[in-house]
Amino acid sequence: MAPLIALFAGWGLARVVGLLGVDVLDGWQSALRVGVALMFLLTGFAHWSKLRADMIAMVPPWLPKPGLLVTVTGVLEIVGAVGVLVPVTARAAAICLAVLLLAMFPANVHAAVKRLDFGGRPATPLVPRTVMQVVFLAACVGAAL
């Protein structure tokens, strides 16, 4: 839920700042890119937080080296978050982040189906998690337009 909040809060706040006269944020897409960046910075840095062990447990057993995969995906999320804020790389970064979301979705499915804990709570059930994933993908596509 925190990534969803980060996405919409970042987008909304950036849009307000744009409407108040900050030209670089004066548009829905540039504001959306801020929300996408904030969301991926939050999730990216979480790969080295107290949630790391839970993230490693989420990796489906058929994938090799779960710790390495969590590290690599965290780095890619942070790099993508920065890239989506830079006008010349924003489109490519947003597309890459959308692809990354698709690549990581099996971990969310695994966590939901196996009813794993995430941060001391049950992982988000599959249907709500899938809906959130669609929202995240839509945000990345919007940021890439």
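Helices (H or I, at least four residues) and strands (E, at least two) are taken as DSSP runs and are numbered from the N terminus. The structure described here is a predicted model, in which local features need pLDDT of at least 70, side-chain atom pairs count only at pLDDT 80 or more, and totals for chains, interfaces and linings use all residues. Residues are numbered from 1 along each chain as its sequence is written, and side-chain values use heavy atoms, with hydrogens and water left out.

Helix α4 comprises residues 66-83. At 1.5 Å a residue, the 18 residues of α4 should span 26 Å, and the end C-alpha atoms are 25 Å apart, which agrees; the expected span of a helix is 1.5 Å times one less than its number of residues. The buried residues of this helix are V70, T73, G74, E77, I78, G80, A81 and G83, where buried means under 20% relative accessible area, exposed over 50%, and partly exposed in between (1.4 Å probe, protein chains only). These buried residues pack against α2 (28-45), α3 (52-58) and α5 (90-113), contact being defined as heavy atoms within 4.5 Å.

V75, also in α4, is partly exposed, with a relative accessible area of 40%. Together with F45, W48 and V79, V75 makes a nonpolar surface patch of about 410 Å². Patches are made of residues with over 30% relative accessible area and no salt bridge, with like charges joined within 9 Å and nonpolar side chains (Val, Leu, Ile, Met, Phe, Trp, Tyr) within 5 Å. The accessible areas come from the Shrake-Rupley method with a 1.4 Å probe, and for residues only the protein chains shown count as cover.

The loop between α3 and α4 contains K65, which is exposed at a relative accessible area of 60%. K65 has a positive phi of about 45° although it is not a glycine. A positive phi of about 55° is likewise found at R115, which is not a glycine. R115 is placed in the loop between α5 and β1 (117-118) and is exposed, with a relative accessible area of 74%. Most residues other than glycine have a negative phi.

Side chains of opposite charge can pair when their charged atoms come close. The structure holds one salt bridge, a term that denotes a side-chain nitrogen of Lys or Arg within 4 Å of a carboxyl oxygen of Asp or Glu. The side chains of R15 and D26 form this pair, with an N to O distance of 3.4 Å. Because R15 lies in helix α1 (residues 2-19) and D26 in the loop between α1 and α2, the pair ties together parts that are 11 residues apart in sequence. Both partners are partly exposed: R15 has a relative accessible area of 25%, and D26 has one of 46%.

A disulfide is a covalent bond between the sulfur atoms of two cysteines. With the criterion of a pair of cysteine sulfur atoms within 2.5 Å, the count comes to zero disulfides. The sulfur of C96 is 10 Å from the closest cysteine sulfur, in C140, and this separation is too far for a bond. C140 is accordingly in no disulfide.

A107 lies in helix α5 and counts as buried at 15% relative accessibility. Leaving aside neighbours within four places in sequence, A107 is in contact with M58, V59 and P60. By contrast, A107 and V24, which are 83 residues apart in sequence, are separated by 36 Å in space, C-alpha to C-alpha. Q133 is found in helix α6 (residues 126-144) and counts as buried at 4% relative accessibility. With neighbours within four places in sequence again left aside, Q133 is in contact with L101, L102, F105 and N108.

P122, in strand β2 (residues 121-122), is exposed, with a relative accessible area of 65%. Not counting residues up to four places away in sequence, P122 touches L116 and D117. The C-alpha atoms of P122 and L97, which are 25 residues apart along the chain, are separated by 26 Å.
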